[in-house]
Every structure is written in structure tokens, then in C-alpha cells.
Amino acid sequence: MPPRHWEDFIPGSVFESEPRRVTREEIVEFAAAYDPQPMHLDEEAARASMLGALAASGWHSCCLLMRLLSDGFIAQSHFMGAPGIEEVRWLKPLRPGESIRARATVLEMRPSRSRPELGFVKFLFELVDSSGACLMTLRVSPMFARRAAADASRDEVSG
Amino acid sequence: MRFFEDIAVGDQAEIGRHTFTAEEIKAFATRFDPQPFHLDEAAAAHSLFGRLCASGWHTACLWMRLAVEHRRREDAERRARGEPVAALGISPGFRDLRWLNPVYVGDTVTYATEVLELRPSASRPDWGIMTARNTGTNQRGEPVLSFISSVFVERRKGQR
């Protein structure tokens, strides 16, 4: 399948990533590097915390979602990044051993006014566990190259 | 951590600074955000950014680490003075995160936080919710990161 352009992200479309199992080792390793709170590092401290048991840093969930999306539809599209994130909600803890998937739902698309060669696509991204429960949501509007612009640049190269 | 009742809207703190090296930018991107402009100098030179730059998630994760370390130092000082230390709970999320300028190799980002709003939790009477604006600024004074976070903070006993 050829890489997707902005025009291909029709509102209502849903993409799902492959599943990925998250180990205790990587949860603790991430927390040690970027979020060294005892509830993400130590089982006993986690039991005494609001999490109730060891769980991944919410930032780790964000990074895992990014990776799942990168390997999936971002790699198969003319993705041009995002200037920011509208909202992240951490709904349920991500526990060691859980198998997660990323789900992307296209909410809306709009052309860029200042840069006609690209457009924005507003997504709802969800991190979903093996039971289908949503662990986190992320709302963001990344940019993608438009087909007309890509065709024009290809013409320049070939011409 | 200070107790919920001891925090005021407008309270500000510089939480720390971090210098981003090429090695760590590439290592983070390899694991979580494998875009060519975060992985390879030559590819970055041909990208919109012009030079190797950090994943936005990397820039944000350093805020988290420095916030934890800052709180740990404050808690140690509080204990040394014989003062009680409040527990910090989980975060329900964040909003309005903006990557305002790229973070290039060798850039030093100074992170800061400012309290925007304080409200008691309706569902958890032992806790309040603190909303804060968190920022990162590079060595040239240019903003690189801004977002609004919320987190549960323990309330003083007897004042709930």
C-alpha cells in the first residue's frame, strides 16, 4: 500500500497497531531514567501509593504509544510531526506483563492556511489493553503532506 | 512536597536544567520516536529542522525527571527542618502541550513550573488537585516546551 497523504485520512477511519507486551524490566528502566517516583520503581512503594501496585509512568505510556504509531501508520504515511498535544488523559494504570495496542481514530481534517503543501489531521489516539480497556487517550493534530504537493515535487525531480 | 493547603496560586519554581547530547537524543529516538531527524545528522540536515534535534517526548520526559528530583531535594530539606512532608499522588493527565522551538544537540533547557489552580478533589477527600503550567527555555531564552499538568496533592489532616 502506498504511503498515505493528508487526503487519505477520512474522518471516522480507524487504524490499529500490532500488540506489544510491556515487561516489568522496561517499566522500571524507563522510570529510573525519566520518572523516578517509587510507585514506578518498587512494588512495595507502589502498593502504598494511589496506583495500588507497580505501574508504568504515564510518560512511558505516551512514549510507547508514539512507538506503536511510528511502527504502524506513521511509517506508512507522509507524516510531518505535530506542534503539540491537545490533551492526554491517563485513565487506568499500565501494569507489567500487559499487552497493549494503539488505536487511532480520525476526527477531522483541515488544510493549512499558511502552508498549502500540507494539512492537519485531528486524531483520537488510544492505548488499549488485552481486554479492550482504554488505558489512556491522546488528542493531537499532526501534519501530513498533501497529495498535490507530493505530485508537484515528484514532477520537479523527474522533469 | 508541601501540603495542598500550603500551596498558593502563582507559586513558581525553577526545577532544574539539562543539556541534550547527540548520544542520548539518538538513544531516546531509537526506542520511542524513530524519525530520521532525531536519529541521524545527515538526515536531519535535509529535514525541516536543519540539524539533529531531540524528540519532543524526550524534552517533556526530562521535565518529569527534573520535577521528581526537585521535589526530592525539597522533601529532604523539609525533613531536615523537622517539617512533615506531603504525599504526591498520581496525575490524571495534561493538556495544551506545545513544542515551541526545536531542542538541538548541545542545547541546555531550563525547566520551570507555576501553580495555576488549586481545588479539592470531589471524589478523594484526602487529596486536592493542583494544576500547573510547566515550561522549558533554552540557553538563548527561547521557549521550547509548555504544557498544563494536573496532579493529586495530599491535604493536611483536620483541614478537609
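This is a predicted model: local features need pLDDT of at least 70, side-chain atom pairs count only at pLDDT 80 or more; totals for chains, interfaces and linings use all residues.
Let us start with an overview. Chain A contains five helices and seven strands, while chain B has four helices and five strands. Reading chain A from its N terminus, the order of elements is β-β-α-α-α-α-β-β-β-β-β-α. For chain B, the order from the N terminus is β-α-α-α-α-β-β-β-β.

For chain B, the corresponding box is roughly 60 × 35 × 30 Å. Chain A has 159 residues, and 37% of them are buried. In chain B, which has 160 residues, the buried part is 37%.

In chain B, 69% of the contacts between residues at least 6 apart join residues at least 24 apart.

## Strands that pair

Strand S3 of chain A (residues 84–90) pairs with strand S6 (residues 134–140) in the antiparallel sense, over four bridges. Within this pair, A:Val88 has A:Leu138 of S6(A) as its bridge partner. S6(A) also pairs with strand S5 of chain A (residues 118–128), again antiparallel, through six bridges. There, A:Val128 lies opposite A:Cys134. S5(A) and S6(A) form a hairpin with five residues between the strands, and A:Gly132 in this hairpin has a positive phi near 95 degrees.

Chain B has its own set of pairs. Strand S4 of chain B (residues 127–137) is joined to S5(B) by eleven bridges, and the two run antiparallel. One of the bridges links B:Thr137 with B:Pro143 in S5(B). These two strands make a hairpin with five residues between them, and B:Gly141 in the turn shows a positive phi of about 85 degrees. On S5(B) (residues 143–154) there is also an antiparallel pairing with S2(B), over five bridges.

Which strands connect the two chains? S3(A) and S2(B) run antiparallel and are joined by five bridges. A:Arg89 sits opposite B:Gly93 of S2(B).

Here are the strand pairs together:

| Strand pair | Sense | Bridges |
|---|---|---|
| S3(A) and S6(A) | antiparallel | four bridges |
| S5(A) and S6(A) | antiparallel | six bridges |
| S2(B) and S5(B) | antiparallel | five bridges |
| S4(B) and S5(B) | antiparallel | eleven bridges |
| S3(A) and S2(B) | antiparallel | five bridges |

## Where the chains meet

How many residues of each chain take part in the contact between them? In chain B, 21 residues are in contact with 21 residues of chain A. On the chain B side, the elements giving two or more residues are helix H1 (22–32), helix H4 (56–80) and strand S2 (93–99). Sorted by class, this side of chain B has 13 nonpolar, three polar and five charged residues.

Two packed helices are described by the angle between their axes and the distance between the axes. For H4(A) and H4(B), the angle is about 170 degrees and the axes are 10 Å apart. An angle over 145 degrees counts as roughly antiparallel, so H4(A) and H4(B) are roughly antiparallel to each other. H4(A) makes this contact with A:Trp59, A:Cys62, A:Cys63 and A:Met66, and H4(B) with B:Trp57, B:Ala60, B:Cys61 and B:Met64. By class, the contact consists of eight nonpolar residues, with no polar and no charged ones.

## The nonpolar cores

Which residues touch the most other members of the largest nonpolar core? Of its 69 residues, they are A:Cys62, A:Leu65, A:Leu69, A:Phe125, A:Leu138 and B:Trp63. Helix H4 of chain A (residues 58–74) is the biggest contributor, with ten residues.

Leaving aside residues up to four places away in sequence, A:Leu138 touches A:Cys62, A:Leu65, A:Ile85, A:Val88 and A:Phe125. A:Val88 is also its bridge partner, as the strand pairs showed.

There is a second, separate core as well, made of eight residues, with B:Phe4, B:Leu88, B:Trp127 and B:Val153 among them.

Key. Residues are numbered from 1 along each chain as its sequence is written. Chains are lettered from A and ligands numbered from 1 in the order in which they are written. A nonpolar core is a set of buried Ala, Val, Leu, Ile, Met, Phe, Trp, Tyr and Cys residues joined through C-beta atoms within 7 Å. A residue is buried if 20 or more other C-beta atoms lie within 10 Å of its own, exposed if 12 or fewer, and partly exposed in between; C-beta atoms are placed from the backbone. Two residues are in contact if their C-beta atoms, placed from the backbone, lie within 7 Å. Ala, Val, Leu, Ile, Met, Phe, Trp, Tyr, Cys and Pro count as nonpolar, Asp, Glu, Lys and Arg as charged, and the others, Gly among them, as polar. Two strands pair if DSSP finds at least two bridges between them. Axes are lines fitted to C-alpha atoms, for helices over the stretch in contact, and angles run from 0 to 180 degrees between N-to-C directions. Angles under 35 degrees count as roughly parallel, over 145 as roughly antiparallel, 65 to 115 as roughly perpendicular and the rest as oblique.
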